[in-house]
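Here are my notes on the model, as you asked. They are set out as numbered points.

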Amino acid sequence: MKKILITGALGQIGTDLTRYMRDIYGEDNVLPSSRKRKEGHPLMDEGEFVTLDVLNYEVMEKIIIEHEITHIVHLAAILSGTGEKNPQVAWDINMNGLYNVLEIARIHGLSVLVPSSIAVFGESTPKERTPQDTVMRPSTIYGVSKVSGELLADYYHSKFGVDTRGVRFPGLISSDALPGGGTTDYAVHIFYEAIKNKRYASFIDKGTFMDMMYMPDALKAIVQLMEADESKLKHRNAFNISAMSFDPEMLGEEIKKHIPEFELDYDVDEELQGIANSWPNSLDDSEAKAQWGWEPEYDLASMTKDMLEKLKNKIG
Ligand code: AKB
């Protein structure tokens with residue numbers, strides 16, 4: 001029987017993941033947490049929720065013991081854009097938070113799933129079909145902390161036998177919770193603006209390709225990897241996964257098929273553009289496919305159609 005603690009659960013992934021996991025493992029077996037309560041957030045009224053600052057080891061340990069937690073999905077992190085505005089805070093939360101999680105897992109015999117990101121790659125990484133094992137010299141504090149996190153989680157597995165696993169998420173597109181402070185966020189904002197105003201000024205320039213994934217595939221990946229047969233895993237932290245790669249123009253064209261009056265123009269943010277330029281154009285996710293059966297369902301066309309339908313219901 002699994003009893004799962006989700007850190008950073010009020011963010012883009014956590015909101016959907018809590019509901020998805022509760023459907024699979026039962027409401028009482030999935031405990032979302034975040035640094036603060038957020039009144040009005042749907043998870044406040046959907047079963048148990050605890051406040052947990054991942055930098056507070058004692059509180060985390062108390063929650064683990066009281067709730068008899070067996071697995072931690074560690075989502076609490078500062079993303080690429082926000083990280084560049086305050087690198088010290090990003091390092092503190094991304095590294096010391098993870099260190100606390102791994103130490104508690106080592107001492108109490110828990111399993112840990114911690115997402116990494118395409119941000120682990122940098123300018124010197126091969127850009128097309130970026131291999132699973134390749135050069136990793138990121139240029140953002142987020143990327144530096146995610147590479148370090150991957151290595152630390154691998155170390156806790158090889159040194160202490162902690163069951164650590166992770167995926168390198170691309171940009172995630174979802175209709176429930178908004179993303180916060182990422183370079184790939186334009187690919188979510190564009191949908192809201194297309195429905196509300198029929199136009200969008202992208203902060204990422206045309207011709208900039210990045211990997212992306214629709215949230216249902218991301219949720220599936222987390223559970224699939226958590227449930228994967230350990231003996232088949234040659235890698236642990238972290239697997240390349242992807243579902244599609246596009247630039248803003250391609251996404252705009254796809255939206256126009258549903259909203260013909262939609263107009264896309266550009267108001268490029270130099271800092272975020274620099275980050276996007278340093279990331280791969282497309283990932284090779286064949287190791288995830290071979291080792292634990294990863295297979296995405298949504299491509300650009302099916303994701304766009306579903307996003308627009310969901311958002312029209314949500315915001316009208
Ligand atoms: C970001 O843009 O920072 C994130 C990511 C790709 O990890 N969405």
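Predicted model: local features only at pLDDT ≥ 70, side-chain atom pairs only at ≥ 80, totals over all residues.

1. Helix 1 covers residues 12-25, 14 residues in total. From first C-alpha to last, helix 1 reaches 20 Å, close to the 20 Å expected at 1.5 Å a residue.

2. Helix 1 is largely enclosed by the rest of the structure, because ten of its 14 residues are buried. The cut-off for buried is under 20% relative accessible area. The buried set in helix 1 includes Gln12, Asp16 and Arg22, and also Ile13, Gly14, Thr15, Leu17, Thr18, Met21 and Tyr25. After helix 1 comes Gly26, with a positive phi near 100 degrees.

3. Helix 6, residues 186-196, is mostly covered, with eight of its eleven residues buried. The buried positions in helix 6 are Tyr186, Ala187, Val188, Ile190, Phe191, Tyr192, Ala194 and Ile195.

4. How do helix 8 and helix 11 cross? The axes of helix 8 (residues 248-256) and helix 11 (residues 300-315) come within 10 Å, and the crossing angle is roughly 55 degrees. Helix 8 is therefore oblique to helix 11. The handedness of the crossing between helix 8 and helix 11 is right-handed.

5. The contact between these two helices can be given by residue. Helix 8 contributes Met250, Leu251, Glu254 and Ile255, and helix 11 contributes Leu300, Ala301, Met303, Thr304 and Leu308. By class, seven residues in the contact of helix 8 with helix 11 are nonpolar, one is polar and one is charged.

6. Is Leu283 buried or exposed? Leu283 has a relative accessible area of 5%, so it counts as buried. In the chain, Leu283 sits in the loop between helix 9 (270-278) and helix 10 (286-292).

7. Which residues does Leu283 touch, apart from its neighbours within four places in sequence? Leu283 is in contact with Ile118, Phe121, Arg129, Thr130, Arg168, Asp211, Asn240, Ile241 and Ser242. As for Glu295, it is twelve residues from Leu283 in sequence, and the C-alpha to C-alpha separation of Leu283 and Glu295 is 14 Å.

How values were computed. Residues numbered from 1 in each chain as written. Heavy atoms only, no water. Axes fitted to C-alpha atoms, helices over the stretch in contact; angles between N-to-C directions. Helix = DSSP H or I, 4+ residues; strand = E, 2+ residues; numbered from the N terminus. Parallel < 35°, antiparallel > 145°, perpendicular 65-115°, else oblique. Left-handed = near helix turned anticlockwise from the far one by under 90°. Contact = heavy atoms within 4.5 Å. Nonpolar A, V, L, I, M, F, W, Y, C, P; charged D, E, K, R; others polar. Expected span 1.5 Å × (residues − 1). Buried < 20%, exposed > 50% of the residue type's maximum accessible area, 1.4 Å probe, protein only.
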